[in-house]
Amino acid sequence: NRWKIQPIRRYLRTVLPPRPEPGAVELLTGISWDEALRQRDSEVRYVTHSYPLCDRRIKRSDCIEWLQVHDLEVPPKSS
């Protein structure tokens, strides 16, 4: 919350009107299918959460494979 959610919301408040419409922002989050249990609904009405990797049932290993096929660096696992 302190390192991701709060900074994102702080930034959104600087670029959105004072009373944004419900669903004004779609926040895409890179949670893989392996961690689908981490999906959450937004706590604020103006943000809608989307999880495109989970929607497509893409696992972390699939992401790593895609990066390797495209000769891209595999980043360390987030913590």
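What volume does the largest cavity have? The largest cavity has a volume of about 50 Å³, where a cavity is a set of points on a 1 Å grid over the protein atoms alone at which a 1.4 Å probe fits but cannot get out, and a volume is the space filled by probe spheres set on points joined across faces, edges and corners.

The model is predicted, so local features need pLDDT of at least 70 and side-chain atom pairs count only at pLDDT 80 or more, whereas totals for chains, interfaces and linings use all residues. Residues are numbered from 1 along each chain as its sequence is written, and side-chain values use heavy atoms, without hydrogens and water.

Select Ile 5, Ile 8, Arg 9, Leu 12, Leu 27, Val 47 and His 49, which line the largest cavity, each having an atom within 4 Å of a point. α1 and β2 (47-50) are the elements that give two or more residues to this lining, and α1 supplies the largest share, four residues.

Next, go to the largest pocket, which has a volume of about 930 Å³; a pocket is an open set with protein on both sides within 12 Å along at least five of seven lines. Of its 31 lining residues, select Lys 4, Thr 29, Gly 30, Ile 31 and Arg 38, the closest to the pocket centre.

Then colour α1 (5-15), β1 (25-28) and α3 (60-69), each of which supplies at least two residues of the pocket lining, with α3 giving the most, four residues. Helices (H or I, at least four residues) and strands (E, at least two) are DSSP runs, numbered from the N terminus.
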